[in-house]
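Reader: I'm new to reading protein models. Could you walk me through one?

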Amino acid sequence: MNHLQTVTGPLSPTDIQGPVLTHEHLVIDLGRDSDRAAVLDPSQHAGPVTAELAALRAEFALSLVIEQTCRGMGRDADALARISERSGVAVVASTGWYYEPFHPSEVGAAGPAELTETLVREIENGFGASGIRPGLIGEVGSHGDRPSPAETRTLLASARAAIATGLSLATHAQLGHGGLAQLELLTDAGLPAHRICVGHQDLLDDPAVHRELAAAGAYVAFDTVGKESYQSDDTRLRLLLALVEAGHADRVLLSCDISRHGYLESEGGQGYGHLFRSFLPKARAAGLDDDLIDLMTRRNPVRFLTGSTTEEL
């Protein structure tokens, strides 16, 4: 692809001059009866979300957010467009299906062909009456070491839709597990590894898996930075440095995966800026220079989204 599809229209890759947050949620509803906190409701939280993004644009030149709320996760494309316009930060929206406990009824017993048609139709025509089109297939989920039968169908349909439309694909690997199986399924379906990002690998303390994913050509997401209740940032940094030292800095994507209103700065959380204000200064102190930081936070994300195999930025 020679452009990025954002919620406000096509954007040239050369317009991305600052860093990118590669896996975030600006609007989401994963709330259940037992957990109503996994929510970012635009009627309540769009203001604080917009303010955070605008501040990051002013302080760090934040250029783009890849928003991975997909089908069945409370996606609201119109709200994303308003947040983008008011913050001045471009936003890429997504389509696909999260992991099985959150599959909407439309997945049901539908086969890969029917599911593929659903995604292709949305990619080509947009979300409902809004006309807003996704620029990514993600976060397509599985949990466990291998996808369940239902997750296999949604992953296979996502791969086929990616091939048909030219979009890249990002996965949700629950707690970091199952990434190699995801990659095998997706590439066996014909999707090139360089158009695949395997998610949440910073939750998996297994450098060998990270090296194997990167060596195969996939992007490796360290995308829950700041979620200390899942993994310490010290461990994340150790894993990141190991991957860089193995020669795979060009396969790294970074983000914070803000997915609950309690993570917002306005509610005392780490916020979308934790990557820039806390983690990257530690990475620099550990020896990563500005060119490597730019590679991981700007050039890699743009290359991933466009499906490019060469660095032209």
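Reader: Which residues in α7 meet which residues in α8?

Author: D233, D234, R236, L237 and L240 in α7 meet H274, F279, K282 and A283 in α8; "contact" here means heavy atoms within 4.5 Å. Helices (H or I, at least four residues) and strands (E, at least two) are DSSP runs, numbered from the N terminus. By class, this α7 and α8 contact has 4 nonpolar, 1 polar and 4 charged residues. Ala, Val, Leu, Ile, Met, Phe, Trp, Tyr, Cys and Pro count as nonpolar, Asp, Glu, Lys and Arg as charged, and the others, Gly among them, as polar.

One heads-up: this is a predicted model, so local features need pLDDT of at least 70 and side-chain atom pairs count only at pLDDT 80 or more, while totals for chains, interfaces and linings use all residues. Residues are numbered from 1 along each chain as its sequence is written, and side-chain values use heavy atoms, with hydrogens and water left out.

Reader: How do I describe the way two helices pack, and what is the angle between α7 and α8?

Author: You give the angle between the axes and the distance between them. Helix α7 (residues 233-245) packs against α8 at about 55°, and their axes are 10 Å apart. (Axes are lines fitted to C-alpha atoms, for helices over the stretch in contact, and angles run from 0 to 180 degrees between N-to-C directions.) So α7 and α8 are oblique to each other. The cut-offs: under 35 degrees is roughly parallel, over 145 roughly antiparallel, 65 to 115 roughly perpendicular, and the rest oblique.

Reader: What about α3 and α4, how far apart are their axes?

Author: Helix α3 (residues 112-125) and helix α4 (residues 149-165) have axes 8 Å apart, at an angle of about 45°. That makes α3 oblique to α4. On the α3 side, P112, A113, L115, T116, L119, V120 and I123 make the contact; on the α4 side, R153, T154, L156, A157, S158, R160, A161, A164 and T165 do. Sorted by class, the contact of α3 with α4 has 10 nonpolar, 4 polar and 2 charged residues.

Reader: And at what angle do α5 and α6 cross?

Author: Roughly 15°, with the axes of α5 and helix α6 (residues 207-215) coming within 10 Å. α5 and α6 are therefore roughly parallel to each other. G179, L180 and L183 of α5 touch V209, E212 and L213 of α6. In that contact of α5 with α6, 4 residues are nonpolar, 1 is polar and 1 is charged.

Reader: Which helix gives the most to the lining of the second largest pocket?

Author: That's α9, with 5 residues. Both α8 (274-285) and α9 (290-306) supply at least two residues each to this lining. The lining of this second largest pocket is made up of G18, P19, F60, F276, L280, R284, D290, I293, D294, T297 and R298, and the space there is about 170 Å³. Its residues divide into 5 nonpolar, 2 polar and 4 charged.

Reader: How many cavities of 30 Å³ or more turn up?

Author: A search of the whole structure finds 1. The largest cavity holds about 40 Å³ and is lined by M1, H3, L4, Q5, V92, G135 and L305. That lining has 4 nonpolar, 3 polar and no charged residues.

Reader: Last one: which peptide bond is cis, and which residue has a phi near 55°?

Author: Most residues other than glycine have a negative phi, and most peptide bonds are trans. Here, the bond from G138 to E139 is cis, with omega near -10°, and E139 lies in strand β9 (residues 136-142). L175 has a phi near 55°, a positive value in a residue other than glycine. You'll find L175 in the loop between β10 (169-173) and α5 (179-188).

Conventions
On a 1 Å grid over the protein atoms alone, a cavity is a set of points where a 1.4 Å probe fits but cannot get out, and a pocket is an open set with protein on both sides within 12 Å along at least five of seven lines; lining residues have an atom within 4 Å of a point. Grid points are joined across faces, edges and corners, and a volume is the space filled by probe spheres set on the points.
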